[in-house]
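Please look at the sequence and the structure first, and keep both in view while you read.

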Amino acid sequence: MIRLAVISGKGGTGKTMITAALAHLLPGSIVFADCDVDAANLELVLGPTLIRTEPFMGMKTAVIDPALCSRYEECREHCRFDAIECLADTCRVDPLRCEGCAVCTVICPASAVTMQPRQTGEIKYSETSRGHLVHARLVPGAGNSGLLVHAVKKTAMEQDQDSDLFLIDGPPGTGCPLISTISGTDIVLIVTEPSVSGLHDLKRVVAVCRQFRPRILVAINRFDLELSLSDKIQNWCDEEKIPVIGKIPFDPAVIESVRLGVPVTESGATPAAQAIQTLAAILKQELTNLGNRR
Amino acid sequence: MKIAVASGKGGTGKSMMAANLAFTLAWTGQVTLVDCDVEEPNLHLFFPAPASTREVTMPVPVIDETKCQHCGLCGEFCQYGALTVLQSRVLFFPELCHSCGGCMLVCPNGAIHEEPKRIGTLSTSAPQPGLKLISGTLETGSPHAVPVIRAAKKQAAHDQLVIIDTAPGTSCPVVEALDGCDACILVTESTPFGLHDLQLAVDVAARLGIPTGIVINRSDGKDEETLRFCIDHDLEILMTIPFSREIAAIQNRGDLLCRAQPEWQKDFCALFFKYRALTGVER
């Protein structure tokens, strides 16, 4: 199984649109994971049929028993996450702020605090026309998105270990969900856009990827909206010896296909679809090369 | 007054909104703009200016091997698996540590103390009269975005009018950035992706008890689904910005809409008044 993650650094550059098109264009058996667990969108274009869901338990959360709490306030003083509020009659934990460290359980003189499991999301296992999709829903505002990403990847790799390709739609950013997404991948495809923000964020996410070992590839989406910046991105990638394997033009057909809920490559030979086909052909060669080396 | 700009979906134009609002309001008084998208901060690109920089650190445990008896209590206690106690030494994994101080509390031999570890930087600049920009930047490879966000907001704690640009998504970095804000501007685009993620973001703001208004960006006129959602959920549309290649080009090259096309400033002023009505807070 080759593990390929589509990521971006900057949000909204077109990760999900490209992932959905690759689902349509890459050969062999594929299992998908939507690791943008905060805002999972791949299901909106792959049209999955749900097979089953399972609860995701994040870190345990502190719970104070009001019957035992004597308002010593030691818990509030020692909590480094400002998660505890002491009221007139009892102390209370804000589950959105609690990071599950359990310091309050050892510091409470009345032993009023216990750590309790809390569901912070669910993991969904679905069927699509191109293979199984593992996706998730994080309870809005909940933490532990990195842990949930890990759980989503693990489910996909265990359930569909015989697939040729593990295709991951990743999160934006460079923090814990992104690190969890790219760890253990063979290839990352970074989708960027020709803007000062796009280039800046590309450099940062490449720096993070280089702390791992995947092969790094770049695609420039909507490249024709600012040609001078597309050139700048191309030059920077050349200097860094990162192949730019696709340049996709701005194309209103992309939004139309998202509105129809289908990959853009399924709705005719539009300029964007043609550019993604070229990208997919290069990517296919990359996957073959990697497969041969194993 | 603290104004948060958030989105759910990435790339809808949060930074653009925050930057133009700050640019416009800074002509009328002191404004502090805080970049809390610390994983990928971008606001400094729109306001190039010399900045003073300081480190953001978090305390992490250091084990004194001369006092450590390798009893293993710290490793057992650590909920994040950041400490592994072997027979003759202790392994520490700083990227897993949340800096709770628990290991220090449970160590029976006083063998653990804490030292600061760099997890990011804060840059402060004054790019135009009336405007202070504070940018939080997470160290590349560090997973600890939340403490950097907290530090950036703290730096602006005593400022009168603060505009906070958040990360995309709906998880802990967004919650940290929204916490304590008077109201929230959610920037969306009229696609199924935009609407899906807008619903999640509205849910987060509601859970935090923060009033919300909507900005539709890059509108191609097909906003019916988004409008219906806003009407159903009693959400005011504060502003609609049309898609145009010209506006996209202004932002792509790092300029501001209100700088390149000053007539937009009155729209951002109007947005501010609608926002203020949402919060019920005077400036």
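What follows is a walk through this structure, from the overall picture of one chain to single residues.

This is a predicted model, in which local features need pLDDT of at least 70 and side-chain atom pairs count only at pLDDT 80 or more, while totals for chains, interfaces and linings use all residues. Residues are numbered from 1 along each chain as its sequence is written, and chains are lettered from A and ligands numbered from 1 in the order in which they are written.

We can begin with chain B, which has 11 helices and 11 strands. Here helices (H or I, at least four residues) and strands (E, at least two) are DSSP runs, numbered from the N terminus. Of its 283 residues, 49% count as buried; a residue is buried if 20 or more other C-beta atoms lie within 10 Å of its own, exposed if 12 or fewer, and partly exposed in between, with the C-beta atoms placed from the backbone. Two residues are in contact if their C-beta atoms, again placed from the backbone, lie within 7 Å, and among the contacts in chain B with a separation of 6 or more, 75% are between residues 24 or more positions apart.Turning to chain A, the domain assignment gives domain 1 (2-56 + 121-293) and domain 2 (61-117), with bounds that come from an automatic or database domain assignment. The centres of domain 1 of chain A and domain 2 of chain A, taken over C-alpha atoms, are separated by 41 Å.

Within chain A, strand β10 (residues 165-169) deserves a careful look. Five of the five residues of β10(A) are buried, so this strand is largely enclosed by the rest of the structure. Leu165(A), Leu167(A) and Asp169(A) point one way from β10(A), whereas Phe166(A) and Ile168(A) point the other way, and all are buried. Which strands pair with β10(A)? Two strands pair if DSSP finds at least two bridges between them, and strand β1 (residues 2-7) of chain A pairs with β10(A) in the parallel sense over five bridges. In this pairing, Arg3(A) stands opposite Phe166(A). Strand β2 (residues 30-34) of chain A also runs parallel to β10(A) and is joined to it by five bridges, with Phe32(A) having Leu167(A) as its bridge partner.

Helix α1 (residues 15-25) of chain A is also mostly covered, since nine of its 11 residues are buried. Among the buried residues of α1(A) are Lys15(A), Met17(A), Ile18(A) and Leu22(A). An α-helix has 3.6 residues a turn, so residues three or four places apart point the same way.

The two chains also touch each other, and the contact takes 48 residues from chain B and 50 residues from chain A. On the side of chain B that touches chain A, at least two residues each are supplied by α4, α6 (172-178), α7 (192-207) and α9 (245-252) of chain B. The largest share of that side, eight residues, comes from α7(B). By residue type, the side of chain B that touches chain A divides into 18 nonpolar, 21 polar and nine charged residues, where Ala, Val, Leu, Ile, Met, Phe, Trp, Tyr, Cys and Pro count as nonpolar, Asp, Glu, Lys and Arg as charged, and the others, Gly among them, as polar.

Is Asn252(B) buried or exposed? With 22 C-beta neighbours inside 10 Å, Asn252(B) counts as buried. Not counting residues up to four places away in sequence, Asn252(B) touches Pro194(A), Ser195(A), Leu225(A), Glu226(A) and Leu229(A). The C-alpha atoms of Asn252(B) and Cys68(B), which are 184 residues apart along the chain, are separated by 55 Å.

Leu256(B) lies in the loop between α9 and α10 (257-260) of chain B, and with 18 C-beta neighbours inside 10 Å it counts as partly exposed. Leaving aside its neighbours within four places in sequence, Leu256(B) is in contact with Ala19(B), Asn20(B), Phe23(B) and Phe46(B).

Finally, two loop residues can be set side by side. Lys241(A), in the loop between α8 (227-239) and β13 (244-248) of chain A, has a positive phi of about 55° although it is not a glycine, and with 7 C-beta neighbours inside 10 Å Lys241(A) counts as exposed. Ser99(B), in the loop between β5 (90-92) and α4 (102-106) of chain B, has a positive phi near 60° and is likewise a residue other than glycine, but with 23 C-beta neighbours inside 10 Å Ser99(B) counts as buried.
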